[in-house]
Amino acid sequence: MRTTRRVFLGGAASAVIGGMAGPGVIRSACAQGAASTVRIGMVLPVTGPGADAGRFALNGAKLALEQVNKAGGVLGKPLEIVTEDDLTTNPGAVLAFSKLASQSDLVGFLGSIRSTQNHAMAPDILKTGKPVCFGGTDPVLTQMGNPWLFRFRPNDSYSARVIADFGVTTLAKKKWAIIHSTDAFGTSGAKALTEALGKAGATIALDQGYTNQSQDFTPVVLAIRQSGADVIGSYFTFENDLGIFARQLRQLGVTVPWVGSPSIVNVTALKLAGPSLFGTYGVADYAEESSDAARNFGKAYRAATKIAPDNQSSWTFDAVTVLALAINKAGKTDPQAIREALLAVRGHEGAEGTYNFDKNGDGLHGYNVVKNDKGNIVFDKRIDFYQG
Amino acid sequence: MDLVLQLLFTGIGIGAVYALVALGFVLIFRATNVVNFAQGEFSMVAAFLMVVFAVDLEWPYWLSFLIAIGGMALLGALFNLGVYYPLRHRTYLPVIISTIGASIFLANSTLALYGPQPQVLSPVFETQGFLVGPVFLDSQYLLIIAVTAVLVAFQYWFFEHTLIGKKLQATSQDKEMAALLGIPVAGMIMLTFVYSAVLGGIAGILVAPVLFVSIQMGATIALKAFAATIIGGFGDVTGAIIGGLALGIIETFGAAYVSVPYKDAFAFIVLVAFLVLRPQGLFGERIAEKA
C-alpha cells in the first residue's frame, strides 16, 4: 500500500513538474515532422518569476510561425520551434541552451529577453556558432565580440538617450532620481541614463539600485523624497517589483513625473499597478500606434490571443519573422550564411520598428515615447537614432 | 524622526508577516521535530484560492476567505497524510526532503492549474491608509499587525488554557509518553498540520494585496520566516514572533541607512551571527537541556 501511494505521488509530481518544465515543439498546422521541417530553438521562461513573460514571448513566436508557414515556410519547408524552459534563472538558461544546442538540426535560436541570461549563455553561444536572436537590452551584449548575437530590441543606450531627452527637453526636469534593478539590465540602463543625463546638463540627485523580487520599497521611496528630485527615471526588470514601488510611491506622497524603461508599459505591470501608474511616461520599443507594422501585429495578436500586445511578444514575433527571412535570403541553413543575411537586413518594417542591422548585431536604434493615460497607453512620438 | 517612524511602521508590518509564517514553522517543528519547507507554499495556495473565489468568481470577500481557509485546513490534513504520516517513523531527513518535494509539487501544480501571470487581490479596506502626522499608515499593514496580535493572543490562550492545547504541547515534548497517557498522538499531529496550514493561509491572504499573488510569493516569505524562526529560537512561539518582527525592522532600517541592494543580506548576516554565537536563538532551549 505504501509503495502504491509513493508511486502515485511520485508519478503525479513528475507529471505536473515535467509537464511544466519539459521541452516543447511548436508546429503550425501545416508542419508534418522533423525530417521535413526547418527547426529553430527557443529559450524561454515557462516556470519561475518570468513565466508570465515567457507565455507572451511564445505567443508572439507562434503568431510569426503561423504567418511564415502560411507564406510558404523556410526553404520550401515548414518552420518549427523547439522550446526549453530557462526557469527564469541564469543556470536554467545555460542548461536550456545547451539542450537545444545539442540538437544539430536546429539552425538558429531565440535567446532571452533578460540581459543577465544572455550574458550567462554567451560563452556557449560562441562555441555553438549559430545565430541567436535575443531581446535583452544591455548594450554590452553586442559589443563583446560575439558574432552570433543579434538583438531584436533597441539597446539601453538608446532608451537612456530617449528618457533623458524627453525628461530634460519636453518635461523640463533637471534633477533626477534613477531607480534601477541591480542585475545586468538595470545596472547597464542606469549607467547609460547617467551618461545621457550628464550630456543633457541634468544632475543626478539619487542613484538607487534594488535587488529583484524586493518586497518593500519604503526606504527607496523615502530616499527619493529626501533627495529633492523633480523627476524619476527607472529601469525595472520584474513587473511585480515595479507594481509594489509604484503603489508605495503614491502612498508616500511622491508625485513627481516618472519616465520608465519599457517594463512600465507592460501588460502585467499595468494590471498589477493600476492607477498608481496613471500619468507616467515610458519609453516603449513596442507601441501599437507607432507604425502600420505595429498596428498589424497588434490586430493579429489580439485576434489570436484575446490579450493586448506588448514588447514581450512583439520582439519574438519580429525575431522569428526576420530569422526566417534571413534563412530564405541565405538560401541554405549554413550558420555563416544566415549570419551574413541577418547583418544585411535593411529597412525591414517589424512590429518593434524598422530593422537595420549594424555590424554589432543591433537591429533597432530608437524608441517610442508613450504616456499612461488612465490605463491607456497613448503613443506620443518615436525618436530614432539610425543614420544609415 | 518622521523617517524613523515610517520605517518602523513598515518594518513591523513586514515583520508581522514573517512572524505569522514563522509560527507555522514552529508549530510543526514542535509536533514533529522537522522543518516543513512547504510552509510558504501554504501562503501562496491560500492567496490563489482567494483570487479564484473573490476575483474570478466575484463571490463576497468574507465567503471567499472562509472557503480559502477551509481549503487550507483540508490541504493541511492531506499534507499530513501524504507527506508526513507515511514517513513518521523515519529520521528527520526523509521527512524534510518530502516537504521540499511537496513544496515544488504545490508550486508547479498551481502554475499548471492557474498559469504564471501574477494576480491582484484587492485589500480588505477601500482606503489605502491614512496619515498620522507625517507617517503614512497603510491600512493593509495595520490589518496584518492587528491579525498577528490577535492570533498570537489566541495561540497563547489555546496552548496554555485549553485541554487540547496542553495535549498538543505534551505531544510535541514527548510523543511516546503522550501516547502512554492516552493522548491520540496522530490526531494531535494532524491538528497541528491543519492549524499551521491555516496560519500560513491567513498570512498569504493578508500579504497578497501588498506583494501581489504569484507562484513565487510563498518561497519569498518562507525564506525570511525560516530565518526569523532560527533567530527567535526553533520551537519557541514567542521567539518566532520576536524573530519575525526583529527581522522586518532590521532589514527595513538596514536598507534605509546602509544599503538597499544588500537589504536581504542584513537578514542573513543576523541569521549567521545567531547560528555561530547563539544557535539556540533568542528564546530556544539548548539541545542538552531538552535531552
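**Reading the annotated span, domains and interfaces**

Tutor: Gladly. In residues 37-373 of chain A, the end C-alpha atoms are 45 Å apart, and the span is 45% helix and 20% strand. Do keep in mind that this is a predicted model.

Student: Which annotation covers residues 37-373 of chain A?

Tutor: The UniProt annotation, from an unreviewed entry, reads "domain: Leucine-binding protein".

Student: Next, the domains. How is chain A divided?

Tutor: Domain bounds come from an automatic or database assignment. Here domain 1 of chain A takes 2-154 + 291-357, while domain 2 takes 156-284 + 369-384. The C-alpha centres of these two domains of chain A lie 28 Å apart.

Student: How many residues of domain 1 of chain A are in contact with domain 2 of chain A?

Tutor: Contact here means heavy atoms within 4.5 Å. With that cut-off, 21 residues of domain 1 of chain A touch 15 residues of domain 2 of chain A. The two domains of chain A bury about 1,300 Å² between them, and carbon and sulfur atoms give 54% of that area.

Student: What about polar links between domain 1 and domain 2 of chain A?

Tutor: Four residue pairs are in polar contact across the interface of these two domains of chain A, both residues of each pair being at pLDDT 80 or more. The salt bridge count between the two domains of chain A is zero.

Student: Which elements give two or more residues to the side of domain 1 of chain A that touches domain 2 of chain A?

Tutor: Look at helix 2 (51-70), helix 4 (115-128) and helix 11 (311-330) of chain A. Helix 4 of chain A gives the most to that side, with three residues. By class, the residues on that side of domain 1 of chain A are six nonpolar, nine polar and six charged.

Student: Now the two chains. How many residues of chain A are in contact with chain B?

Tutor: The count is 40 residues of chain A in contact with 38 residues of chain B. Chain A and chain B bury about 3,400 Å² between them, with 62% of it on carbon and sulfur atoms. Across this interface of chain A and chain B there are zero salt bridges, but 10 residue pairs are in polar contact, both at pLDDT 80 or more.

Student: Which elements of chain A supply at least two residues of the side that touches chain B?

Tutor: Among them are helix 1 (2-21), strand 8 (203-210) and helix 7 (218-227) of chain A. Helix 1 of chain A gives the most to the side that touches chain B, with nine residues. That side of chain A has 16 nonpolar, 16 polar and eight charged residues.

Student: Then how many salt bridges are found over all chains?

Tutor: The whole structure has 13. One to look up is E84(A) with K99(A), whose closest N and O atoms are 3.9 Å apart; the cut-off is 4 Å.

Student: And what does the pair E84(A) and K99(A) tie together?

Tutor: E84(A) lies in strand 3 (residues 79-85) and K99(A) in helix 3 (residues 90-101) of chain A, so the pair ties together parts that are 15 residues apart in sequence.

Notes. Residues numbered from 1 in each chain as written. Chains lettered and ligands numbered in written order. Predicted model: local features only at pLDDT ≥ 70, side-chain atom pairs only at ≥ 80, totals over all residues. Heavy atoms only, no water. Buried area = accessible area lost by both parts, 1.4 Å probe. Salt bridge = Lys/Arg side-chain N within 4 Å of Asp/Glu carboxyl O. Polar contact = N/O pair within 3.5 Å; in protein donor to acceptor, adjacent residues only side chain to side chain. Helix = DSSP H or I, 4+ residues; strand = E, 2+ residues; numbered from the N terminus. Nonpolar A, V, L, I, M, F, W, Y, C, P; charged D, E, K, R; others polar. UniProt positions renumbered as here; feature names shortened; annotations may be inferred.
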